[in-house]
Amino acid sequence: MQAGERRGRLRQEAAEYYRGHRVPERMEEALNTLFPLRPGDLYGELANYFSKFSKAPVICKLVGRKVLDGVGQPTLEVEIYCTVKNYEKRICSTIMASHSQIPENALPETIEADEKERKDSVHTAVEWVNESLNTMLRDLESTDQCQADKMLGEYFAKKVEEKKEIQKREEEEAAKVIPAPSSCPPTAIPKQKKGGIPVKKVLVKENPIPPAEPAEPVLCGSLAIGGTSLAIAKAGATISRVPLYLYIALLKHDQESPKEMILPLPMVTLLNCEKNLPTKLKLVKEVMLIPPVELSLKQGIERIQDIQKELTRLLEPSGKMPGPQADSKKGKVQSSGKKAPPAPLKRISHLGCLTTGYDNLEQLLLLMQAACKNIGLELGTDMYLAINCAAHQLMDYDREQWSSICWSLGSKCYLIAEDAATHISKLKTDQNINIAMCSGVVLKYINQTKVSDLIELTGILDGQRHITILGSPDGESLDESLVDLAVGLGARFLKLGGLSRGERVAKYNRLLAIEEELAANGTLREAKLEFIDFAAESQPEQLPDVLPAPEQD
């Protein structure tokens with residue numbers, strides 16, 4: 001009797017439980033909906049039907065680990081695990097690209113110190129992910145990017161304040177140890193001539209060349225912030241069953257799906273230039289090609305590959321380099337009397353392109369022109385040239401010089417800031433762009449940059465008619481997320497390096513796949529190239545007083 005009553009109570013409790021969750025009602029709806037369809041996999045369709053009533057997946061675990069990037073340097077990988085239908089499931093992972101601010105001519109001890117700092121930063125980032133961030137973000141919905149980035153930003157700000165406090169205490173302790181300077185320093189006795197008359201020293205005022213803008217200090221462990229933010233965005237896209245580029249576009253446009261999307265034009269690096277002699281200035285860092293907008297991405301890359309093959313042939317010892325040019329006005333051949341040997345073809349650089357040395361900018365441009373002409377192409381029509389200049393070696397940080405260049409050339413070409421735009425936090429000031437006059441900036445997803453930061457900044461750039469270029473850092477990985485970010489954010493250009501090395505080719509392949517997908521969906525729109533006439537829009541005295549003129553491309 002008691003057992004029967006117990007079973008009766010359980011049946012009653014079960015009925016109330018299922019009715020409370022509307023299970024009988026929804027089961028009837030499912031059966032009535034699926035019967036006319038008679039699906040081949042009935043239970044699969046039932047699972048799909050009921051899955052829309054399940055709870056939203058939430059983050060249950062973050063895993064950080066040290067891995068190697070494309071150039072063998074340590075970097076951070078972040079894995080996201082979510083609770084999906086009561087089970088823990090690995091959703092995705094992301095690998096952060098590493099970025100070095102050490103100049104090429106740095107001393108060995110500087111390079112060694114940078115490597116140690118990088119290792120320490122990755123070690124700290126792994127600890128942050130596995131401990132603090134793992135606890136802080138647990139039970140957060142993976143699709144709540146705004147809240148995730150807000151929490152990450154607050155955590156990073158707290159770490160910055162902690163670092164400042166530590167530095168302040170260290171400075172106070174150091175001040176106690178260092179003895180105070182003597183109040184009466186010894187007076188220097190001037191040298192005398194044979195006659196005993198003191199010799200007067202005459203100080204000559206020198207005008208030193210301003211050094212390159214110093215690298216901004218990076219907080220140890222900051223990779224954890226950018227890596228976690230991007231991993232959560234990838235998890236959100238996976239859970240939402242949409243490509244990452246579309247998920248980013250939805251975040252930027254407040255969940256409104258764009259009717260058309262523009263594919264960023266690739267800036268493909270063909271040459272990474274070095275100095276032939278240490279006494280020479282490095283005039284150019286990279287020579288890049290941009291395919292015309294009327295070509296598909298596939299056609300553009302194939303055309304660039306043809307140019308690259310011809311360029312390689314010209315750079316070989318047996319190749320015929322472009323010779324001295326005739327002066328059209330005087331009818332004479334411009335020559336120094338010596339035949340310049342062809343620049344040696346050295347190796348494939350970390351940028352995935354050929355590395356060669358040049359001291360003559362004109363010779364470099366003639367080489368590119370000859371490579372195109374030999375295969376029936378014309379620069380400026382069939383293919384466009386882009387040059388990444390070592391601007392800090394060509395000019396000082398006087399803003400007037402750079403502004404004059406913008407007024408003269410801005411209506412004919414793009415003048416882009418790259419190194420000055422490395423740190424996203426410096427670019428945002430009261431909804432304005434805190435850089436010198438330029439056509440646009442190269443943004444790099446590194447360190448503490450968050451997805452929300454890029455969305456906000458590209459919105460400001462769009463409103464101020466600046467173009468956005470997503471750039472690949474030096475130490476890239478096989479992670480292809482940068483391409484999706486560029487497409488979703490509506491970047492005008494994508495700077496990925498050359499068409500060699502797996503970590504860079506993987507990104508070009510991802511861009512090709514997105515082009516095919518957008519074309520199949522009918523949402524691909526052709527890009528347009530529009531230049532800014534700075535002379536018509538501003539005058540020298542109207543320039544804002546912001547950062548010193550940055551290194552420009």
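This is a predicted model: local features need pLDDT of at least 70, side-chain atom pairs count only at pLDDT 80 or more; totals for chains, interfaces and linings use all residues.

Q: OK. Which side chain does Ser 93 touch at 3.1 Å in a polar contact?
A: The side chain of Arg 90.

Q: And what is joined to Ser 93 by a polar contact of 3.2 Å?
A: Glu 77, side chain to side chain.

Q: Where is Ser 93?
A: In strand β3, which covers residues 87–95.

Q: Is Ser 93 buried or exposed?
A: Buried. Its relative accessible area is 16%, and buried means under 20%.

Q: New topic. Where does negative charge gather in a patch on the surface?
A: At Glu 165, Glu 170, Glu 171 and Glu 172.

Q: Which helix holds Glu 165?
A: Helix α5, residues 145–177.

Q: Why does Glu 165 count as partly exposed?
A: Because its relative accessibility is 41%. Partly exposed lies between the buried limit of 20% and the exposed limit of 50%.

Q: Now backbone angles. What is phi of Asp 139?
A: Near 75 degrees. That is a positive value, and Asp 139 is a residue other than glycine.

Q: Where does Asp 139 sit?
A: In the loop between α4 and α5. Helix α4 spans 108–136.

Q: Buried or exposed, Asp 139?
A: Exposed, at 59% relative accessibility.

Q: What about phi of Arg 241?
A: Positive as well, near 60 degrees. Arg 241 is not a glycine either.

Q: Which loop is Arg 241 in?
A: The one between α6 (223–240) and α7 (244–252).

Q: And why is Arg 241 called exposed?
A: Because its relative accessibility is 73%, and exposed means over 50%.

Q: Last one: Cys 273. Which strand?
A: Strand β5, residues 265–274.

Q: Buried or exposed, Cys 273?
A: Buried, with 2% relative accessibility.

Q: How many residues apart are Cys 273 and Leu 364 in sequence?
A: They are 91 residues apart. In space, their C-alpha atoms are 9.6 Å apart.

Q: Can you recap the two Ser 93 contacts for my notes?
A: Ser 93 to Arg 90 is 3.1 Å. Ser 93 to Glu 77 is 3.2 Å. Both run between side chains.

Conventions:
Residues are numbered from 1 along each chain as its sequence is written. Side-chain values use heavy atoms; hydrogens and water are left out. Patches are made of residues with over 30% relative accessible area and no salt bridge: like charges are joined within 9 Å, nonpolar side chains (Val, Leu, Ile, Met, Phe, Trp, Tyr) within 5 Å. Accessible areas come from the Shrake-Rupley method with a 1.4 Å probe; for residues, only the protein chains shown count as cover. A salt bridge is a side-chain nitrogen of Lys or Arg within 4 Å of a carboxyl oxygen of Asp or Glu. Lys and Arg count as positive and Asp and Glu as negative; His and the chain ends are not counted. The place of a charge is taken as NZ of Lys, CZ of Arg, CG of Asp or CD of Glu. Helices (H or I, at least four residues) and strands (E, at least two) are DSSP runs, numbered from the N terminus. Buried means under 20% relative accessible area, exposed over 50%, partly exposed in between (1.4 Å probe, protein chains only). A polar contact is a pair of N or O atoms within 3.5 Å; within protein, one must be able to donate a hydrogen and the other to accept it, and residues adjacent in sequence count only if both atoms are side-chain atoms.
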